[in-house]
Amino acid sequence: MPRICIIGAGPSGLAAAKNVITSGLAESLVIFEKSGEVGGNWVYREKPGHSSVYETTHIISSKTLSAYEDFPFPAGFPDYPSHRQLREYFESYAVNFDIPSRIRFHTEVTHAELDHTGVWKITSRGPRGKRVEYFDYLMVANGHHWDPAPPKYEGSFTGKFIHSHDYKRSEPFRGKRVLIVGGGNSAADIAMECARVADRTTISMRRGHWFLPKFMFGTPVDVLYHRSLWMPRPIRQWILRLTVLLWQGSNRKYGMANPDYGVLEGHPTVNSELFYAIRHGQIATKPGVSRLDGRTVYFTDGSSETFDVIIAATGYHISFPFFDKSFIDFKGRTEIPLWRKMFHGEIHNLYFIGLFQPLGCIWPLADFQAKLACLEIEGRYTRPADIAVRIEQEMRKPHFRFLKTPRHSTEVDYPAFRKELRKEIRKAARIQ
Ligand SMILES: Cc1cc2nc3c(=O)[nH]c(=O)nc-3n(C[C@H](O)[C@H](O)[C@H](O)COP(=O)(O)OP(=O)(O)OC[C@H]3O[C@@H](n4cnc5c(N)ncnc54)[C@H](O)[C@@H]3O)c2cc1C
Ligand SMILES: NC(=O)c1ccc[n+]([C@@H]2O[C@H](COP(=O)([O-])OP(=O)(O)OC[C@H]3O[C@@H](n4cnc5c(N)ncnc54)[C@H](OP(=O)(O)O)[C@@H]3O)[C@@H](O)[C@H]2O)c1
């Protein structure tokens with residue numbers, strides 16, 4: 001029986017564990033989890049730790065498209081569940097598939113390397129101290145929204161400067177002059193929350209972004225998008241662009257730059273409140289930051305303003321602290337060299353699970369990746385022999401013309417990626 005190691009018991013690690021268990025491969029399975037709970041990012045804590053969610057986080061992918069396909073959300077969940085509801089959901093998923101007993105909680109994988117025989121040598125640190133164990137397969141599900149990527153500016157700021165990873169609640173910012181940097185989902189959510197209590201809230205974006213409302217015509221926007229899947233992608237983009245512009249007008253009407261790329265070619269910001277708050281005078285807008293001087297922030301349009309706090313909602317690095325940098329390091333890359341965002345070109349007993357950012361939800365597709373990995377371990381699926389060529393093709397031909405920035409290195413179109421993964425899974429079913 002193969003010895004399988006999973007790093008992480010967040011939504012992706014749980015999907016990996018479920019597939020190992022349901023495939024009958026779990027005899028020597030060990031899941032390492034550095035925290036004391038399952039759910040990863042969705043375990044909200046007041047104290048900054050692994051999780052990057054804040055008190056008021058609700059998901060941006062709707063309930064229709066955000067449950068594991070074999071484990072529906074409980075009846076009564078709202079369209080966009082809260083982090084508390086998701087945490088409970090992941091806990092019940094883990095219990096349902098008998099996962100917790102296989103997890104070594106409070107145990108961090110500190111080093112992972114291949115020994116001279118091609119077996120994984122895993123070093124961990126936990127309640128029983130440091131341990132070295134050997135595994136035939138490694139599934140990496142350590143998440144990619146936890147290692148903050150703060151911006152670097154000329155000059156220095158003498159007020160409080162935090163990254164959105166450390167933002168938990170708006171209360172500490174009551175009565176303050178707050179600048180939020182970024183135009184992604186964290187920036188929009190946090191700006192809204194601060195605007196309720198701060199003396200003044202300003203959001204600075206160095207480029208134009210596409211903002212999608214959470215609902216259109218009374219329907220969650222991702223559900224609407226899925227209704228257009230029968231159309232060719234450029235037509236889908238054209239219709240979505242037109243609908244969004246008719247619905248809310250261009251960014252310029254709200255004091256922000258228009259995006260210089262097509263809709264869905266950048267990770268969308270799904271937020272129905274930001275535009276409203278801007279036009280109610282609760283949030284001011286600024287272009288990018290050019291330099292800092294004491295409490296003064298200078299912007300690229302030549303204007304300046306004084307702030308007490310800067311919250312940099314500028315995203316995350318992809319990090320694998322347990323791999324030697326000379327072995328695997330995707331930090332700062334605009335493309336990652338993996339096939340189907342999971343298969344490495346040369347290492348045959350390594351799988352990345354959940355290392356992608358969909359225009360949609362991560363964990364249902366992490367489940368498909370894990371299924372494929374298990375099929376290969378069982379000998380029922382073989383990755384393509386020309387995998388190096390496939391990796392090149394995948395990097396050259398993304399689902400949309402995504403912006404070539406590290407933020408989009410793992411971006412995928414949910415329905416297209418789902419189809420690709422299911423196609424590989426079906427190949428295994430045919431050779432049964
Ligand atoms: C504010 C916010 C909102 C989001 N909203 C959405 C959304 O609406 N929809 C969506 O699909 N995604 C969303 N995301 C993305 C989020 O990353 C995924 O929802 C999801 O958490 C990914 O699951 P994961 O298991 O891959 O990673 P994580 O949830 O990050 O879990 C990784 C787990 O691995 C453990 N771990 C890490 N390193 C080690 C180690 N060395 N040893 C042992 N254990 C380790 C961690 O403790 C953690 O439990 C959001 C992210 C943020 C920050
Ligand atoms: N409610 C929710 O469900 C929710 C909430 C928050 C986050 N999320 C998810 O969590 C993930 C992370 O989101 P995020 O918003 O934290 O990060 P993100 O999506 O990476 O967005 C980072 C933002 O900061 C900007 N930025 C990056 N570096 C910068 C710099 N040096 N100077 C100025 N601006 C910079 C980016 O703009 P450029 O394009 O110019 O780089 C972008 O607007 C995403 O998948 C997101 O969908 C979901």
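Guide: Domain bounds, as used here, come from an automatic or database domain assignment. The model is a predicted one, in which local features need pLDDT of at least 70 and side-chain atom pairs count only at pLDDT 80 or more, while totals for chains, interfaces and linings use all residues. Residues are numbered from 1 along each chain as its sequence is written, and chains are lettered from A and ligands numbered from 1 in the order in which they are written.

Visitor: Into which domains is the chain divided, and how many Å separate their centres?
Guide: The assignment divides the chain into domain 1, made of residues 3-146 + 316-430, and domain 2, residues 152-312. Taken over C-alpha atoms, the distance between the two centres is 28 Å.

Visitor: How many residues of domain 1 are in contact with domain 2?
Guide: Contact is counted when the C-beta atoms of two residues, placed from the backbone, lie within 7 Å. By that criterion 25 residues of domain 2 meet a set from domain 1 that numbers 26 residues.

Visitor: How many residues of the shell around ligand 1 are charged?
Guide: Ala, Val, Leu, Ile, Met, Phe, Trp, Tyr, Cys and Pro count as nonpolar, Asp, Glu, Lys and Arg as charged, and the others, Gly among them, as polar. Ligand 1 has 33 residues around it, with G8, G10, G40, I59 and G143 nearest. This shell holds 14 nonpolar and 16 polar residues, and the charged ones number three.

Visitor: Which strands stand at the edges of the five-stranded open sheet?
Guide: Strands are paired if DSSP finds at least two bridges between them. The sheet runs in the order β10-β21-β11-β12-β17 with parallel pairing. Each edge strand has a single partner, so one side of it is left without a neighbour in the sheet, and these strands are β10 (160-163) and β17 (284-286).

Visitor: Which residue in β12 stands opposite L179?
Guide: Strand β11 (residues 177-181) and strand β12 (residues 200-204) run parallel and are joined by five bridges. Within β12, the residue opposite L179 is T202.

Visitor: Which residue stands opposite R125 in the sheet that holds β4 and β5?
Guide: This open sheet has three strands in the order β4-β5-β6, with antiparallel pairing. Six bridges join β4 to β5, and R125 is found in β5 (residues 120-126). The residue opposite R125 is E108.

Visitor: Does R125 count as buried, exposed or partly exposed, and why?
Guide: A residue is buried if 20 or more other C-beta atoms, placed from the backbone, lie within 10 Å of its own, exposed if 12 or fewer, and partly exposed in between. Leaving aside residues up to four places away in sequence, R125 touches T107, E108, T110 and K130. Because R125 has 16 C-beta neighbours inside 10 Å, the class is partly exposed.

Terms used:
Helix = DSSP H or I, 4+ residues; strand = E, 2+ residues; numbered from the N terminus. Near = placed C-beta within 6 Å.
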